[in-house]
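Here is a short tour for anyone who likes geometry with the cut-offs spelled out. Have the viewer ready and follow along.

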Amino acid sequence: MKLKTVLIGSVLLMAAGIFAAENNPLNAVVKLEVRTSNPNYIAPWQQVMDGATGSGVVIGGRRILTNAHNIANSTIITVRKHNTDTIYTAKVEFVDHGCDLATLLVNEPEFYRDITPFEIGETPPLQAEVLAIGYPIGGDGLSMTKGIVSRIENRMYSHSLRNLLAVQLDAAINPGNSGGPVFYGSKIAGIAFQGHRKGENLGYMIPCEVIRHFLKDIEDGRVDGCGLLGFSYASLENPGMRAYYKMSPEQTGMLITMVNPLTEKTSPGAIKINDVLLSIDGHKVANNGNIRLANGEPRHFSYLLLKKQIGEKVKLTLLRSGREITAELPVRKPDYYMIPVYDREMDYFCFGGIIFTTLTSNYLAALGKNAPDTLTAQMVKGKDFEDSELVVLTMVLGDEVNIGYQDIITELVSSVNGVKVRNLRHLIELLEKKNDGYAILKFDQQNTPMVLDLKQFRAATPRILEKYQLPADRSRAYRKGK
């Protein structure tokens with residue numbers, strides 16, 4: 001007799017024939033098949049067709065909860081339950097690439113007929129036994145893997161490069177498992193989302209705190225994401241440093257080493273370089289950046305931001321020149337220049353064969369080991385304005401008009417005719433401002449400027465577009481009327 005999985009109370013059991021196929025609880029765990037159109041980040045006018053599989057789970061509101069990376073740059077998404085070969089089309093409802101979560105909806109009512117949605121539970125304690133369920137590569141059927149919670153701490157999310165709370169399991173999370181539920185008892189304890197490159201049988205799940213933040217965020221019909229406070233910090237575990245910053249023996253905290261420009265503009269003077277962050281919302285911050293939960297477990301202080309939505313304020317206790325003060329800061333959207341970009345066409349502009357694009361972390365990843373240190377250093381740089389972007393000269397398509405410039409690649413553009421470039425749209429405006437004359441481009445690292453004869457470069461552009469088969473001289477967002 002074929003085994004069916006049954007959820008009884010808080011224990012997962014394997015039993016034979018208790019539930020019929022149409023009311024098996026695991027009908028709510030579905031397989032995703034996704035076709036994608038991914039940008040070529042080096043040559044941003046090109047697209048690369050691809051496909052992948054993943055997992056998802058039906059929760060309340062007829063939503064399929066899955067990973068954002070499963071459906072990034074998707075063109076069509078289909079889902080299938082393990083008890084049927086029928087394929088259904090799903091549409092993206094909400095996606096937050098920052099926390100790597102998304103919800104999908106299926107329009108056909110019959111899809112939900114034999115599905116009982118699972119509830120979101122709580123993040124299990126250390127050493128708790130959990131069960132990861134999904135559709136990993138290597139087979140077509142449902143897979144179940146037991147694991148133990150071995151670590152709960154902040155970790156880099158590979159999809160977004162955000163440092164958020166994650167739970168480590170001693171169970172492998174293989175491609176295809178991503179987006180599948182991890183159960184603790186009869187409720188969802190997390191969503192599987194990435195493995196460990198170097199460790200054997202190690203995987204990670206997105207915990208309930210992050211899931212609940214995402215679900216709370218989308219209640220107003222839009223995605224704002226997980227927020228930041230807009231400053232950088234360093235540990236104060238060295239006793240000499242603590243003495244230098246006038247901390248008493250009872251005080252612990254983190255040193256503020258940089259305040260993002262937008263934080264300074266919106267909350268002037270609230271927090272300053274060389275302040276010591278002593279507490280957040282009444283939670284004492286340790287010298288290594290941890291706070292303690294009621295049960296004594298440590299968490300990084302950014303854990304407290306999972307209880308806040310964008311725009312909500314946190315109360316800080318600071319030590320400034322030996323004196324304790326209090327301040328409030330709003331939780332902000334990430335305001336760094338470089339974040340990964342998904343689900344849209346990449347920006348570019350071709351002017352006489354010179355290709356400009358917006359610098360993103362996707363672009364750096366595509367460069368791989370060839371990424372200059374001068375570009376990677378920009379990843380921690382905060383924006384000066386909301387619409388600030390870094391513009392990079394990514395390549396030069398060879399033509400007689402640009403002889404002598406064809407070896408210039410991956411250079412940050414700093415100014416045009418002495419005007420600081422604010423973003424790609426601003427650069428286009430500066431180059432199209434005059435019909436003739438010269439444009440003097442200066443770069444962040446290269447001392448030699450690039451001198452462009454505007455009339456000649458503009459006249460050469462159509463010829464170069466045809467030669468290299470570019471569809472247009474710029475991406476759609478920068479064409480007239482956009």
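## Aromatic pairs

Phe-349 and Phe-351 are both buried, a word that here stands for under 20% relative accessible area, with exposed meaning over 50% and partly exposed in between (1.4 Å probe, protein chains only). This is a predicted model, in which local features need pLDDT of at least 70 and side-chain atom pairs count only at pLDDT 80 or more, while totals for chains, interfaces and linings use all residues. Residues are numbered from 1 along each chain as its sequence is written, and side-chain values use heavy atoms, leaving out hydrogens and water.

A search of the whole structure turns up ten aromatic pairs. Rings of Phe, Tyr and Trp (its six-membered ring) pair if their centres lie within 6.5 Å; planes under 30 degrees apart count as stacked, over 60 as edge-to-face and the rest as tilted. Tyr-88 and Phe-111 have ring centres 5.1 Å apart and planes at 70°, so this pair is edge-to-face. Because Tyr-88 belongs to strand S7 and Phe-111 to the loop between S8 and strand S9 (129-134), the pair ties together parts that are 23 residues apart in sequence. Tyr-88 is buried at 6% relative accessible area, and Phe-111 is buried at 0%. For Phe-349 and Phe-351, the ring centres are 6.0 Å apart and the planes at 20°, so that pair is stacked. Ring pairs also link Tyr-88, Phe-111 and Tyr-112 into a cluster.

## The barrel

Strands here are DSSP runs of E with at least two residues, and helices are runs of H or I with at least four, numbered from the N terminus. Two strands pair if DSSP finds at least two bridges between them. Six strands close into a barrel with antiparallel pairing, in the order S3-S4-S5-S8-S7-S6. From one strand to the next, the twist averages 40°; axes are lines fitted to C-alpha atoms, for helices over the stretch in contact, with angles from 0 to 180 degrees between N-to-C directions.

Strands S7 (residues 88-96) and S8 (residues 101-106) run antiparallel and are joined by six bridges. Val-92 has Leu-104 in S8 as its bridge partner.

## Around Thr-317

Thr-317 sits in strand S21 (residues 313-320) and is buried, at 16% relative accessible area. Beyond its neighbours within four places in sequence, Thr-317 has contacts (heavy atoms within 4.5 Å) that include Val-276, Leu-278 and Ile-325.
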